[in-house]
Amino acid sequence: MAPMNDGYCFCLTLRSATIIIGSINCIQCLGLIICTSFVPACIDNIPEESMKIATKILINFIYLTKLIASTLLLSSVVMKIQSHAMALPWLWTQTFEIIVVVIIFIIVLLFGTTMFKLTSTMCVSLLVLLGLHIILSLFFWINVLSYRENLIEALRQIQTPQERLSISPPPAYEDLHYE
């Protein structure tokens with residue numbers, strides 16, 4: 001078998017990089033939840049009060065879910081839990097966030113100065129920030145996915161041949177005999 005690649009950039013291991021990523025995401029989520037909950041200037045440009053409340057609820061729900069997933073990822077890596085399933089909630093929430101940010105990026109790119117009444121400088125600044133967020137999120141997502149794949153490979157190497165044989169796939173439909 002080929003050895004697992006646990007290396008990462010800047011002389012980090014995948015485990016330590018995943019700890020850093022989980023910590024960054026926890027801080028980011030807490031900051032955004034606090035910002036939308038207690039700083040009214042975050043969403044002052046929304047004209048209707050009902051839309052402001054809906055936006056607050058949506059943002060808080062998304063980032064609370066991401067905070068829980070990041071905490072789960074962080075705790076599983078720190079406590080060295082050998083389960084690749086612990087990374088799945090983080091990967092799902094991160095995928096959802098990347099898709100939403102890409103959609104927002106496209107909307108701002110097409111309608112930024114007209115729909116949101118942004119100046120061209122503000123529009124370009126927002127596009128740069130959204131682009132950086134997308135790039136970093138994809139980089140973090142690839143890192144956690146690599147960490148998960150290494151965990152799966154490590155668990156396969158730990159299993160004995162008898163354990164591998166005991167987990168057999170279900171029989172094919174043609175092999176079933178009904179009377």
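Ser146 is partly exposed, with a relative accessible area of 28%; here buried denotes under 20% relative accessible area, exposed over 50%, and partly exposed the range in between (1.4 Å probe, protein chains only). Ser146 lies in helix H4, where helices (H or I, at least four residues) and strands (E, at least two) are DSSP runs numbered from the N terminus. Although Ser146 and Arg15 are 131 residues apart in sequence, their C-alpha atoms are 10.0 Å apart in space. The model is predicted, and local features need pLDDT of at least 70, side-chain atom pairs count only at pLDDT 80 or more, and totals for chains, interfaces and linings use all residues. Residues are numbered from 1 along each chain as its sequence is written, and side-chain values use heavy atoms, with hydrogens and water left out.

The chain contains 5 helices and 0 strands, and its pattern along the sequence reads α-α-α-α-α. Of the 179 residues in the chain, 27% are buried. Among contacts (heavy atoms within 4.5 Å) with a separation of 6 or more, 68% join residues 24 or more positions apart.

Helix H1 has 25 residues and spans 36 Å from its first C-alpha to its last, close to the 36 Å expected at 1.5 Å a residue; the expected span is 1.5 Å times one less than the number of residues. The buried residues of H1 are Leu14, Ala17, Thr18, Ile21, Gly22, Asn25, Cys26, Cys29, Ile33 and Thr36, and they pack against H2, H3 and H4.

Helix H2 (residues 49-78) has 30 residues and reaches 42 Å between its first and last C-alpha atoms, close to the 44 Å expected at 1.5 Å a residue. Buried positions in H2 include Lys52, Tyr63, Lys66, Ala69, Leu73 and Val77. The cover over the buried residues of H2 includes helix H1 (14-38), helix H3 (88-115) and helix H4 (120-158). Just after H2, Lys80 adopts a positive phi of about 55 degrees. Ser83 is placed in the loop between H2 and H3 and is partly exposed at 26% relative accessibility.

The packing of the helices was then examined. Two packed helices are described by the angle between their axes and the distance between the axes. Axes are lines fitted to C-alpha atoms, for helices over the stretch in contact, and angles run from 0 to 180 degrees between N-to-C directions. H1 and H2 pack at an angle of about 155 degrees, with their axes 8 Å apart. H1 is therefore roughly antiparallel to H2, given that angles under 35 degrees count as roughly parallel, over 145 as roughly antiparallel, 65 to 115 as roughly perpendicular and the rest as oblique.

H2 and H3 pack at an angle of about 145 degrees, with their axes 8 Å apart, and their crossing is left-handed. On the H2 side the contact is made by Ile62, Tyr63, Thr65, Lys66, Ala69, Ser70, Leu72 and Leu73, and on the H3 side by Pro89, Trp90, Thr93, Gln94, Phe96 and Glu97. The axes of H3 and H4 come within 9 Å and cross at roughly 160 degrees; these two helices are therefore roughly antiparallel to each other. The crossing of H3 and H4 is left-handed.

The largest nonpolar core comprises 12 residues, namely Leu14, Ile21, Ala69, Leu73, Val77, Ala87, Trp90, Leu91, Phe140, Val144, Tyr147 and Leu151; such a core is a set of buried Ala, Val, Leu, Ile, Met, Phe, Trp, Tyr and Cys residues joined through side-chain atoms within 4.5 Å. H1, H2, H3 and H4 each supply at least two residues of this core, and H4 gives the most, with 4 residues. Ala69 touches Pro89, Trp90 and Thr93, when residues up to four places away in sequence are not counted. A second, separate core of 7 residues includes Val108, Leu118, Cys123 and Leu127.

Ile135 is also found in helix H4 and is exposed, with a relative accessible area of 57%. Ile135 and Ile98 are 37 residues apart in sequence, and their C-alpha atoms are 9.3 Å apart in space.

Conventions. A crossing is left-handed if the near helix is turned anticlockwise from the far one by less than a right angle, and right-handed if clockwise.
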